[in-house]
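Hi everyone, thanks for coming. I'll walk you through one protein today, so please have a look at the screen.

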Amino acid sequence: PSGRTMSLNPFTNQRKKREEAVQQQISQLQEYEEASAAAHPSQLSQFAASSAPDPVPPSFSLPSREVDYDAEDLSKYLPNQTSSPDLPLSGFKGTTTYEPPSRARQCLSRLQSGFMIGGALGGAIGFLYGTFTAIKYRHVLYIPIAVVQFGAGFGFFLCCGTVIRCDELKQSELQRRNDVTSQ
C-alpha cells in the first residue's frame with residue numbers, strides 16, 4: 001500500500017500505531033510552540049536570558065554549627081504514650097533472676113522441633129521419590145502428594161522419638177546436677 005511492510009505480529013502493528021500517534025502529538029506541540037514564539041518574541045527572549053546557565057557553579061559547604069545532642073530535649077519526637085511517667089515499660093517484670101521454662105514448655109518445644117526436622121527431612125525425601133514417580137508415570141501431582149505424605153510421616157515419628165526424651169529426670173541425675181551447681 002503506502003510503502004509500509006505489513007507484519008504478521010499484531011504487537012508490532014500496535015507499537016507502530018502508537019509511535020505514529022506520539023510523532024503526531026510531537027509535531028502538533030512543535031507547531032504550537034512556533035506559533036506562540038512568533039506571536040510573542042519578547043517573552044521568548046526574556047525566557048532564554050533567564051534560563052542561561054550561571055558562569056560560576058554554586059559551591060556547597062556544610063554548616064559550621066555543631067549540634068550538642070546531649071543538651072537538646074529529644075523527647076518531643078517521642079509518641080505521646082511514652083511521656084506519661086506512671087506507666088510501666090511493656091514486658092518489664094522487674095525480676096533479675098533467671099527462671100527456666102517449665103518442663104511442659106520444654107517438652108512441647110522439643111516435640112515441635114522434632115516434628116519440624118522430621119517434616120523437612122521427609123519433605124526432601126518425598127520430593128525425590130515424588131519426582132521419580134512423576135517421571136515414571138508421567139503425572140505431576142505425585143510430587144506434592146509424596147512431599148506431604150513423607151513429611152507428615154517422618155515428622156510424626158521424629159516427634160514420637162522426642163517424647164522419650166521428655167521424661168522426668170531420675171533422682172540420681174537431679175542429685176548430680178545439684179552437686180555441680182553448688183560447687
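**A walk through the model**

Okay, let's start with the big picture: of the 183 residues in this protein, 9% are buried. Keep in mind that what you're looking at is a predicted model.

If you go along the sequence, you read α-α-α-α-α. Now take the contacts with a separation of 6 or more: 64% of those are between residues 24 or more positions apart.

Next stop, the cysteines. How many disulfides does the count give? The count comes to one disulfide, and the partners are C107 and C166, with their sulfur atoms 2.4 Å apart. This pair ties together distant parts of the chain: C107 sits in helix α3, residues 103-137, while C166 is in the loop between α4 and α5, and the two are 59 residues apart. Is the pair right-handed or left-handed? The torsion about the S-S bond of C107 and C166 is about 110°, so this disulfide is right-handed. And C107 and C166 are both buried.

C160 is in no disulfide, and its nearest cysteine sulfur is the one in C159, at 5.8 Å. C160, at 34%, counts as partly exposed.

Let's go back to helix α3, which is also where you'll find T133. Is T133 buried or exposed? T133 is buried, with a relative accessible area of 7%. What does T133 touch, once we set aside its neighbours within four places in sequence? T133 is in contact with R138 and Y142.

Now for charged side chains. If you search the whole structure, you find one salt bridge. Which residues make it? The side chains of E19 and R15 do, at 3.1 Å from N to O. Both residues belong to helix α1, which covers residues 10-39, and they are four residues apart, so about one helical turn separates them. How covered up are they? E19 is partly exposed, with a relative accessible area of 41%, and R15 is partly exposed as well, at 39%.

F115, F156 and F157 make a nonpolar patch of about 360 Å². One of them, F156, lies in helix α4. That phenylalanine is partly exposed, with a relative accessible area of 48%.

Thanks, that's it from me!

Conventions. Residues numbered from 1 in each chain as written. Predicted model: local features only at pLDDT ≥ 70, side-chain atom pairs only at ≥ 80, totals over all residues. Heavy atoms only, no water. Salt bridge = Lys/Arg side-chain N within 4 Å of Asp/Glu carboxyl O. Buried < 20%, exposed > 50% of the residue type's maximum accessible area, 1.4 Å probe, protein only. Contact = heavy atoms within 4.5 Å. Disulfide = S-S within 2.5 Å. Patch = residues over 30% accessible without salt bridge, like charges linked within 9 Å, V, L, I, M, F, W, Y side chains within 5 Å. Areas by Shrake-Rupley, 256 points an atom, 1.4 Å probe, with all protein chains shown as cover.
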